[in-house]
Amino acid sequence: MAKLAISLSFLSLTLLALASVSNAGSIAIYWGQNGEEGKLAEACATGNYEFAILAFLPTFGNGQTPMINLAGHCDPTNNGCSGLSSDIKSCQAKGIKVLLSLGGGAGSYSLASAQDARQVATYLWNNFLGGQSSSRPLGPAVLDGIDFDIEGGSNLYWDDLARYLKGYSYRGKNVYLTAAPQCPFPDAWIGNALKTGLFDYVWVQFYNNPPCQYSSEVSNLEDAWKQWTSDIPANKIFLGLPASPQAAGSGFIDVNDLTSNVLPAIKSSSKYGGVMLWSRYYDTQSRYSSSIKSHV
């Protein structure tokens, strides 16, 4: 009988451990928009992040020649960003998913038709994902997927782009699709695309949006969170936050408020995936990810 009690006790402890692991969240970080944030490989070597999102591909669609912009890191016009390939592979060797983000707050992008969406998907596949091209801007490394940070242009045909990209998924190598909508629901730009159920992870921007971001109490954020987690058919939803007060116009949550008020209010959701931070540069200044890592 004593042996049985010990076995049951061990079993319950094991189940508790598994439950805590399964509800453990991840941290996603945007990298690429400040040359002073350090190398991508250095960011991944911190052990703080499970997703690294390269920002941005701000020019594409509607007949434009696609062009990445990684700020002060490299010059894509002379193939100067292909050296990032080794950094990307270094991150992936640590189990970190590396994605390319489309759009951003200041870009020239839109899709003119479903056919245009197909052409953009083909370009992304051949130049950044598993396809073949003689002009891969980031070199031979194969990214894990594409992030939609659509904040302008038009709200048309993003669902088509998602379908065409997901169509490239093949057995054993999923093309991950992620998105960074604003927290007012539904998102004005990619609300329809998010309904497709094709997105694996959605990091909702709970900043620069006073109606649904955290202020002194959590109810507005919690209400918006419940709507996102109940209405969007994604695998996991992330809480998108600025990594320092300087990283956004509003919406920064201090570490104590995040860990004692906000995370306890949202972590019970089965769709809780963790926290997304904008951006690596600000995180290097504030060390926010290090402060919250054990709570996420």
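Biologist: What is the mean pLDDT of the protein chain?
Modeller: This is a predicted model, and the chain has a mean pLDDT of 93, with 92% of its residues at 70 or more.

Biologist: Where is confidence lowest, and where is it highest?
Modeller: Helix 1 (residues 2-22) is lowest with a mean of 44, while strand 1 is highest at 99. Over residues 3-22 pLDDT stays under 50, and the model shows zero contacts beyond four places in sequence for them.

Biologist: OK, on to the fold. Which strands close into a barrel, and in what order?
Modeller: Eight of them, in the order 1-2-4-6-7-8-9-10, with parallel pairing. Neighbouring strands of this sheet are turned by 25 degrees against each other on average, direction ignored.

Biologist: What makes strand 1 and strand 2 a pair?
Modeller: Pairing takes at least two bridges. Strand 1 and strand 2 (residues 51-57) have four, in the parallel sense, so they count as a pair. Within strand 2, Ile53 is the bridge partner of Tyr30.

Biologist: Which strands does helix 4 lie across?
Modeller: Helix 4 (residues 114-128) lies across strand 2, strand 4 (97-104) and strand 6 (145-150), and runs at about 140 degrees to strand 4. Helix 5 (residues 158-166) lies across strand 4, strand 6 and strand 7, at about 170 degrees to strand 6.

Biologist: Let's turn to a single residue. Why is Gly32 called buried?
Modeller: Buried means under 20% relative accessible area. Gly32 has 0%, so the label buried applies. Gly32 sits in the loop between strand 1 (26-31) and helix 2 (40-45).

Biologist: Which residues is Gly32 in contact with, leaving aside its neighbours within four places in sequence?
Modeller: Glu37, Ala55, Asn69, Leu70, Ala71 and His73. As for Ala52, 20 residues along the chain from Gly32, the two C-alpha atoms are separated by 9.8 Å.

Biologist: Now the cysteines. Why is the link between Cys44 and Cys91 called a disulfide?
Modeller: The cut-off is sulfur atoms within 2.5 Å. Cys44 and Cys91 have an S to S distance of 2.1 Å, so the pair qualifies as a disulfide. This one links distant parts of the chain: Cys44 is in helix 2 and Cys91 in helix 3 (residues 84-93), 47 residues apart.

Biologist: What is the handedness of the Cys44 and Cys91 disulfide, and how do you know?
Modeller: The torsion about the S-S bond is about 95 degrees, so this disulfide is right-handed. Cys44 is buried at 3% relative accessible area, and Cys91 is buried at 0%.

Biologist: How many disulfides are there by this rule?
Modeller: The count comes to three. Among them, Cys74 is joined to Cys81, with S to S 2.0 Å. Its torsion is about 100 degrees, so the Cys74 and Cys81 disulfide is right-handed. Both Cys74 and Cys81 are buried.

Biologist: And what joins Cys183 to Cys212?
Modeller: A disulfide, at S to S 2.0 Å. Cys183 lies in the loop between strand 7 (176-179) and helix 6 (191-194), and Cys212 in the loop between strand 8 (201-205) and helix 7 (219-231), 29 residues apart. The torsion for Cys183 and Cys212 is about 85 degrees, so the disulfide is right-handed.

Biologist: Are Cys183 and Cys212 buried or exposed?
Modeller: Buried: Cys183 has a relative accessible area of 1%, and Cys212 has 5%.

Biologist: What pattern do the disulfides follow?
Modeller: Counting bonded cysteines along the chain, the pattern is 1-4, 2-3, 5-6.

Technical notes
Residues numbered from 1 in each chain as written. Predicted model: local features only at pLDDT ≥ 70, side-chain atom pairs only at ≥ 80, totals over all residues. Heavy atoms only, no water. Helix = DSSP H or I, 4+ residues; strand = E, 2+ residues; numbered from the N terminus. Buried < 20%, exposed > 50% of the residue type's maximum accessible area, 1.4 Å probe, protein only. Contact = heavy atoms within 4.5 Å. pLDDT = per-residue confidence, 0-100. Axes fitted to C-alpha atoms, helices over the stretch in contact; angles between N-to-C directions.
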